[in-house]
Amino acid sequence: MNTKPRKVMIIGAGNVGTAAAWALLNQTICEELILVDLDKERVEGHRQDLSDAAAYMPGMITVSTREASDCEDVDIAVLTVSGGPLKPGQTRLDELTNTARIIKNIVPTMMANGFNGIFLIATNPCDIITWQVWKLSGLPRGQVLGTGVWLDTTRLRRTLAEALDIGPQSIDAFILGEHGDTQFPVWSHSSVYGSPIADVYQRKTGKALDKAALADYVRRKGFEIYARKGCTEFGIAGTIAEICRNIFTGSHRALAVSCVLQGEYGVDEVATGVPAVLAQSGVQQIIELKLAPDEEEKFRHSVEVIKANIARLP
């Protein structure tokens, strides 16, 4: 029996990082939570606050603070650092330059100090930063993944579930591509237990499913939340927790996350959101779907946008 404590390091104790810490703690996904942040007073306050909450949880959960360089024993390092808030009219791609500079300082330091766990990227622009972390780390590509379009996929399923009065777990619908403006739903592979989503929707509501409107709604949902409250935190925290849980349990469940592609879908030199099977080693395999012609075109466009921004990395 493996009794090694599961350790998750969260680098960046802002809204996303602390919400992720709470989700991991509340779901008892690991035995040690390690918080890293430049603001030592604030991160120590978070540590003490979360430690109080941990006292109510089943089992023994330790919350600690460290430097990112103290990482040799860490299983999963979650990167939630940010280059700064978005200004009105900006997209996730506008965060690239500042965030990439921060990542360029953190990852080589961690690798020089013996990190050999799994990097989970939850900072924007997610796909480009996932690629950057993989290149900087030198780790096998399976050990570097991003939250990608799993939150977008969850938003799609939740929206459909509400309209159909069906549990979202029963809906097999998902997003591919960039966690950004070029993402798209894969309607050719979307169903409720084998019955096409559009057919189920028509029968339930008496109306045709407006696929374009729903895709746009899901794509903009994060920005709507951001505009209303100044950040998004709880949804992405749930995404981080679910990915970590599936890695630790070796679930072999497929989630739509950002992966480094090396020939899959006919492309390489890019990271983007695709269905991937998660195991304790990280991404075990990437599932290749036969896309409809219009979906293939959208996927290629999304990849090209990501590649163009990878070329901008400092």
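Which residues lie nearest the centre of the largest pocket? Of the 41 residues that line this pocket, Val16, Thr80, Val81, Ser82 and Thr123 lie nearest its centre.

The model is predicted, so local features need pLDDT of at least 70 and side-chain atom pairs count only at pLDDT 80 or more, while totals for chains, interfaces and linings use all residues. Residues are numbered from 1 along each chain as its sequence is written, and side-chain values use heavy atoms, with hydrogens and water left out.

**Pockets**

A pocket is an open set of points on a 1 Å grid over the protein atoms alone, where a 1.4 Å probe fits, with protein on both sides within 12 Å along at least five of seven lines; lining residues have an atom within 4 Å of a point. Grid points are joined across faces, edges and corners, and a volume is the space filled by probe spheres set on the points. In the lining classes, Ala, Val, Leu, Ile, Met, Phe, Trp, Tyr, Cys and Pro are nonpolar, Asp, Glu, Lys and Arg are charged, and the others, Gly among them, are polar.

| Pocket | Volume | Lining residues | Lining by class |
|---|---|---|---|
| Largest | about 1000 Å³ | 41 residues | 17 nonpolar, 17 polar, 7 charged |

Helices (H or I, at least four residues) and strands (E, at least two) are DSSP runs numbered from the N terminus. In the largest pocket, the elements that give two or more residues to the lining are helix H1 (15-26), helix H3 (96-112), H5 and helix H7 (211-229). The largest share, 4 residues, comes from H3.

H5 and helix H8 (234-248) each supply at least two residues of its lining, and H5 gives the most, with 5 residues.

Arg157 belongs to helix H5 (residues 150-164). With 15% relative accessibility, Arg157 counts as buried; buried means under 20% relative accessible area, exposed over 50%, and partly exposed in between (1.4 Å probe, protein chains only). Leaving aside residues up to four places away in sequence, Arg157 touches Trp150, Pro168, Ile171, Asp172, Ala173 and Phe174, where contact means heavy atoms within 4.5 Å.

An open sheet of 3 strands runs in the order S7-S10-S11 with antiparallel pairing. Strands S7 (171-172) and S11 (195-196) stand at the edges with a single partner strand each, so one side of each has no neighbour in the sheet. Two strands pair if DSSP finds at least two bridges between them; S10 (residues 191-192) and S11 pair over 2 bridges, and Val192 has Ser195 as its bridge partner in S11.

**Cysteines and backbone geometry**

The whole structure has 0 disulfides, a disulfide being a pair of cysteine sulfur atoms within 2.5 Å. The sulfur of Cys71 is 16 Å from its closest cysteine sulfur, in Cys244, too far for a bond. For Cys259 the closest cysteine sulfur is that of Cys126, at 10 Å, also too far for a bond. Cys71 is buried at a relative accessible area of 1%, and Cys259 is buried at 1%.

Asn124 and Pro125 are joined by a cis peptide bond with omega about -5 degrees. Pro125 is placed in the loop between strand S5 (118-121) and helix H4 (126-137).

Tyr265 has a positive phi, near 60 degrees, in a residue other than glycine. Tyr265 lies in the loop between strand S12 (254-262) and strand S13 (268-279) and is buried at 7% relative accessibility. Glu269 likewise has phi near 60 degrees, is placed in strand S13, and counts as partly exposed at 47% relative accessibility.
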